[in-house]
Amino acid sequence: MHYGHELEFGTFITPTNDPPQAPVRLAELSEAAGYDLVTFQDHPYQPRFHDTQTLLTWVAARTGRIRLAANVANVPLRPPAVLARSAASIDLLSEGRFELALGAGGFWDAIEAMGGRRLTPGQAVDALSEAIDVIRGVWDQGERARFQLDGDYYRIDGAKRGPAPAHNIPIWIGALKPRMLRLIGRKGDGWLPSLAYLQPGDLARANTTIDEAAAAAGRDPREIRRLLNVGGHFSAGGRGGMLDGPAEQWVEQLLPLVLDDGVGTFILASDDPGTIRHFAAEVAPGLREAVARELGTSGSGASDATAPTSLVGAAPSRSTTVRAKRRDGIDYDALPAPLAARAVEPGDAGYARVKSTYLRGGAPGLVLQPTTAAEVADAVRFAGRHPEVPFGVRSGGHGISGRSTNDGGIVVDLSRMHGMTVLDEASRLVRIEAGARWKDVAAFLAPHGWALSSGDYGGVGVGGLATAGGIGYLAREHGLTIDHLRAAELVLADGSIVRADATEHPELFWAVRGAGANFGIVTAFEFEVDEVGVVGFAQLAFDASDRAGFLEAWGRWVVESPRDVTSFLIMGGVRPGQPPVANVMTMIDSDDPDTVLERLQPLADAAPLIGQDVRLTTYDAVMANAGDESHGAEGEPTSRSGLIGPVTPEFARDAARYLDEGASYFFQLRAVGGAVHDVPADATAFAHRASEFSVVAFGSSAMRTSERWDELIAPHTEGAYLSFETTQGDATVAAAFPSATLARLRALKAAVDPGNLFRDNANIAPAAG
């Protein structure tokens, strides 16, 4: 029986510690020779052997492609909860290259919880079964319940789960007895025996036992990879024995093990460099060619009369357990192969790291992670075949609106598309892919003495901000991020890839600058960046007991300052027993200390200064304010957004009341005047060019954030900035775009996305007809 697995090859190396680097060098040789896997036996009681888990970590650091595993881990001497965390850590550090192979071993009496007793074969099976449950339970970060297991051999009472590994680590089991084989059928992902211990017919009989147990457990037997440790000698003439002769003989003798016994992975047991090279150079490619020839041109044999009758279809890419967590309405099996290889499903190991965003908890049914524009196009076409399923697009996942995740839908995650290139040094033209983060962009531009105004947090992804506007620390001097956009590469709703600039698709280029999320997925941007060297950056904290007075004074200072000053203000809610604090972050584009202090001095008298940090620094240093950890929010964010002119006494009064009533825990104003005014209102879809400040408030439903906003703040606004707005509907869209702009956008939407595929945002509906 052939189980549809792609043929793979590995090595089985003795973990000798004399000399210490010997097994490491053989692992490096295995990778260089093209093997898929390198394994080491696990005998921690041997004084001349390395500790295998430690060795695996070292080998992972010394290699870059090859996968690695113990062959097999001695479960009685490896507490499963500890082994699970060790395996997950190696897998994360090696970027998904660790596999876990387990063996029952012969040292169960070493476990104190068992009273030092030896186990019968049946008890050993039960103990290994419980160990597998412990390992998978530790890995399952998607399960929020306390991890408890009241077993006969292992007891877990509220252990913390995690870390989750980088990929779905398969659990292979090395065993021969029928009870163990049935355990493999129920719970294993692979069977790993050694040919030296098998008699003719053993493989077929064991496969039958495994397959029957799998079917009884509701599993597809094809999920279980069949691996085999093999060893032998290469000789010119050969002595006629098994694997004792030239490479051609090896191929001839291994071929039936693939076609008839379903072996998908052969692991060569040898510490001889010559044997390792010889097998890789002649046996592996020869066997692959022979298998392909015997399977016939159809690959699966389903429509080829010459193919073996025992051949089944391709092995499923995920286990029954993972597939059981799939969401309704998504045709997972229709995913194109490149996307499927990197897709993350609810049952996958890495799901907890991609399901949520910065402020919004999510539970999408499928997260796609393309690496090219062509793969993004495939993802869009796939989403288009699921019109009833929510569809989100994500660059960095920081978006305040939280619309880049959903419940049960499809998410296209661009985080793997983060390339950056200088296109033209003289004109400072750069190409930035949409999945890059702004801290990385700033670091990329800094050596050239360049910068691009881009918000205030380095962890934000390029794609979302650069299609909405981009209100950053250089806005008053250099305008919005979109004002530097010279071209964009987009994938439209029909899956076509287009370039939009001033001459090619100019209407689309206009719309992308301010309303891009509604018209396609931008995969790459071309920006003309600015020359920015050393800057002054001030972080000042004021006693804002007079909230209204400080707001008005700060607003007046910003408007009256030269354009080289851009300032943001943050105020929080009421703090019992403590005065309100206003935090002011200000960037001054000057490397002269006297100029920096001169610009800040008029603000000094606005209120008592209770904290200060003023320094000369660089733009990239300011933007390096974010870590690399994944987002793990829960619940729904609440934020409101508006654009205003100068800070009037009336606005300051109502804003102070809004905060004093506890309607917001984070209230921010950002300067958007100066150079932002220089761009005509109809030049981009971001049309509210006369505004002086962006206002945003975060809160929760319990704080009446939105209700009080509508009563106290909204009457002062002249527009909205969609990146900071969580409310949806026609009123929100109308606030963001003046009527003429909105009519133009709706007409374009009807032309490029008439089915409204890109709808899970502040949606611009296609014009009727």
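Predicted model: local features only at pLDDT ≥ 70, side-chain atom pairs only at ≥ 80, totals over all residues.

Residues are numbered from 1 along each chain as its sequence is written, and side-chain values use heavy atoms, with hydrogens and water left out.

Stay zoomed out for a moment. The C-alpha trace spans about 95 × 60 × 50 Å along its principal axes. Colour by secondary structure and you get 23 helices and 30 strands (DSSP runs numbered from the N terminus: H or I of at least four residues for helices, E of at least two for strands). Of the chain's 769 residues, 56% are buried (under 20% relative accessible area, 1.4 Å probe, protein chains only).

Next, select 247–259 and 273–295, which are α7 and α8. What angle do these two helices pack at? It's about 45°, with the axes 9 Å apart (axes are lines fitted to C-alpha atoms over the stretch in contact, and angles run from 0 to 180 degrees between N-to-C directions). That makes α7 oblique to α8, oblique being whatever is left after under 35 degrees (roughly parallel), over 145 (roughly antiparallel) and 65 to 115 (roughly perpendicular).

Show side chains there. The contact (heavy atoms within 4.5 Å) includes Trp 250 and Leu 254 from α7, and Phe 279 and Leu 287 from α8. Its residues split into 13 nonpolar, two polar and two charged (Ala, Val, Leu, Ile, Met, Phe, Trp, Tyr, Cys and Pro are nonpolar; Asp, Glu, Lys and Arg charged; the others, Gly among them, polar).

Go to Pro 19, in the loop between β1 (8–13) and α1 (22–33); the peptide bond from Asp 18 to Pro 19 is cis, with omega near 0°. Then jump to Val 72, between β3 (67–70) and β4 (73–74), where the bond from Asn 71 is also cis, with omega near 5°.

Last stop: Leu 243, in the loop between β11 (233–234) and β12 (244–245). Phi there is near 55°, a positive value in a residue other than glycine. Leu 243 is buried, at 1% relative accessible area.

Note on methods:
Buried < 20%, exposed > 50% of the residue type's maximum accessible area, 1.4 Å probe, protein only.
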